[in-house]
Amino acid sequence: MTESNARVLVFDTTLRDGEQSPGATMSLPEKLEIAALLDDMKVDIIEAGFPIASEGDFEAVAQIAKNTENAIICGLARANINDIDRCWGAVKNAKSPRIHTFIGTSPIHRKYQVRLDKNEVLEKIQTTVAHARNLCADVQWSPMDATRTEEDFLCSVVEIAIKSGASTINIPDTVGYTAPGESAKIINMLRNRVPNIDQIVIATHCHNDLGMATANALSAVEAGARQIECTINGLGERAGNTALEEVVMAMKVRNDIFPFYTNIDTKRLMSASRLVATVSGFPVQFNKAIVGKNAFAHESGIHQDGMLKHSGSFEIMSPEDIGLTDSNLVMGKHSGRAALRKKLEDLGYKIGDNKLKDLFIRFKELADRKKEVFDDDLIALMSDTATNEANDFIRLEKLEVSCGTENPQEAKLVLQVDNETLQTTSVGDGPVDAVFKAIKNLFPNESSLQLYQVHAVTEGTDAQATVSVRLEESGKITTGQSSDTDTVVASAKAYINALNKLIVRREKKAPNQTQPDLI
Ligand code: KIV
Ligand code: ZN
């Protein structure tokens with residue numbers, strides 16, 4: 001295999017498919033921060049969003065397009081002229097813009113989603129891909145639910161998309177239904193049967209409903225795909241997408257059996273994982289491959305003994321490869337700003353002076369309450385999305401709670417709601433219930449609490465608690481998160497954070513991605 005033949009392009013869709021996960025809404029500054037990190041770690045293509053979805057999505061894609069130095073910036077569009085024009089409007093100022101358009105092709109999608117027969121689908125592909133190609137030199141096209149599409153028809157749709165000007169053909173396993181052998185078979189079949197397929201890049205886009213997204217993507221690459229669509233931490237619709245960190249490290253660690261390479265700077269994987277977990281409010285499971293908290297932890301005596309003798313005994317890659325540094329320096333209230341910056345850099349965070357200033361204040365407050373500040377405390381501080389930003393609609397001013405064996409448990413709360421100071425007192429079944437009732441008094445809303453979760457960041461009774469709160473309102477889900485040494489304060493801030501995100505989401509209408517409007 002030649003070097004250029006072995007190169008696999010990495011297409012990150014954290015900001016599009018990832019953001020579609022219920023509850024993973026991201027703000028504009030958060031999206032810009034993620035896009036900058038993805039560009040820094042040398043992702044080839046960033047799918048920045050779905051511009052027709054809302055003004056906010058359009059704006060985010062347009063700003064990412066304007067600010068990104070290296071990566072191709074891609075926007076998603078259904079198979080209609082409006083979507084494609086809107087998408088072009090958002091990506092056109094990128095150094096390298098791409099339009100990604102798609103239509104459902106499987107029998108079930110044709111019948112119930114797009115409601116078109118085979119000929120009508122072919123016609124639509126021809127007009128929409130040609131329209132996109134007139135606007136943009138780089139057009140990607142996807143037959144949605146490709147893995148459940150009849151082979152003959154899949155060949156016909158891919159052929160017409162290539163003829164109409166697509167330069168990348170993506171084969172999505174939309175419902176996470178395929179398996180590694182079949183994933184490779186489909187790519188081989190297309191490579192053998194579709195004219196001019198050697199002139200375009202074949203991409204693979206796998207969902208993880210059966211837990212095979214990474215294996216399916218790698219099989220597709222073995223069969224000739226040269227672009228993997230993936231997300232950080234495997235975020236995405238339902239069970240998520242192929243995890244970027246998994247495919248990249250699989251090709252690096254097992255290059256003997258996967259003789260391919262990507263351009264990814266793997267030392268940035270841990271920072272990317274932490275940033276996306278923070279922003280999306282989706283914590284990474286402890287035993288997640290590559291980036292989980294326990295991925296490099298050795299608990300059993302046999303493993304620890306083996307590690308002391310030779311790290312290769314139980315480790316197939318080194319933590320440094322993914323940017324996980326082992327820094328033993330514990331911070332405390334006498335640590336200065338430079339030490340904090342250095343420590344955060346060691347943990348993989350790049351922070352500007354303004355952010356450092358704000359963090360240093362919060363670090364000092366924490367160090368006053370807690371003798372030793374560990375790495376996990378700093379990660380929690382960085383992950384605290386409930387930072388009472390001046391532009392938040394609801395802000396916590398003051399909270400006093402009485403609790404204990406004597407009833408009632410009572411919360412006295414002062415909030416700023418749309419810059420107006422409001423206060424109330426509520427009682428409840430326990431302090432958290434009293435606080436949540438007080439918040440609902442001051443900001444009446446119809447949302448229901450779907451999840452309330454507390455976990456201790458470190459050991460000891462002075463440990464910080466990280467609280468996650470998930471809310472649902474008219475089918476829209478948001479997750480808030482906050483950390484504090486006071487669990488009740490963290491709970492209040494996490495709830496307010498989820499409400500602030502809900503207010504942002506109320507402005508966003510979710511388009512039906514499976515149903516193209518008629519052109
Ligand atoms: O899963 C899917 O089919 C998609 C398409 C829009 C590519 O995300
Ligand atoms: Zn998808």
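This is a predicted model: local features need pLDDT of at least 70, side-chain atom pairs count only at pLDDT 80 or more; totals for chains, interfaces and linings use all residues.
Me: What makes Arg16 a polar contact of ligand 1?
Reply: An N or O atom in the Arg16 side chain is 2.9 Å from an oxygen atom of ligand 1. The cut-off for such a pair is 3.5 Å, so this one counts. Asp17 has a polar side-chain atom 3.1 Å from a ligand oxygen, and for His205 the value is 3.1 Å too.

Me: How much of ligand 1 does the protein cover?
Reply: On its own the ligand has 260 Å² of accessible area, and the protein covers 97% of that.

Me: Which residues surround ligand 1, and which elements do they come from?
Reply: The shell is Arg16, Asp17, His100, Ser142, Met144, Asn170, Pro172, Thr174, His205 and His207. At least two residues each come from α2 (14-18), β5 (139-144) and β6 (168-173).

Me: How does that shell split by class?
Reply: It has six polar, two nonpolar and two charged residues. Arg and Asp count as charged, so Arg16 and Asp17 go in that class. Met and Pro count as nonpolar, so Met144 and Pro172 go there.

Me: On to the rings. How many aromatic pairs are there in the whole structure?
Reply: The search finds four.

Me: Why is Phe393 with Phe443 called edge-to-face?
Reply: Their planes are at 70°, and over 60 degrees counts as edge-to-face. The centres are 6.1 Å apart, within the 6.5 Å limit, so they pair to begin with. The two residues are 50 apart in the chain: Phe393 is in the loop between α16 (375-383) and β9 (394-402), and Phe443 is in the loop between α17 (431-442) and β12 (448-456).

Me: Buried or exposed: how do you know for Phe443?
Reply: Its relative accessibility is 11%, and buried means under 20%, so Phe443 is buried. Phe393 comes out at 32%, between the 20% and 50% limits, so it's partly exposed.

Notes: Residues are numbered from 1 along each chain as its sequence is written. Chains are lettered from A and ligands numbered from 1 in the order in which they are written. Side-chain values use heavy atoms; hydrogens and water are left out. A residue is near a molecule or strand if one of its heavy atoms lies within 4 Å of it. A polar contact is a pair of N or O atoms within 3.5 Å; within protein, one must be able to donate a hydrogen and the other to accept it, and residues adjacent in sequence count only if both atoms are side-chain atoms. Accessible areas come from the Shrake-Rupley method with a 1.4 Å probe; for residues, only the protein chains shown count as cover. Helices (H or I, at least four residues) and strands (E, at least two) are DSSP runs, numbered from the N terminus. Rings of Phe, Tyr and Trp (its six-membered ring) pair if their centres lie within 6.5 Å; planes under 30 degrees apart count as stacked, over 60 as edge-to-face and the rest as tilted. Buried means under 20% relative accessible area, exposed over 50%, partly exposed in between (1.4 Å probe, protein chains only).
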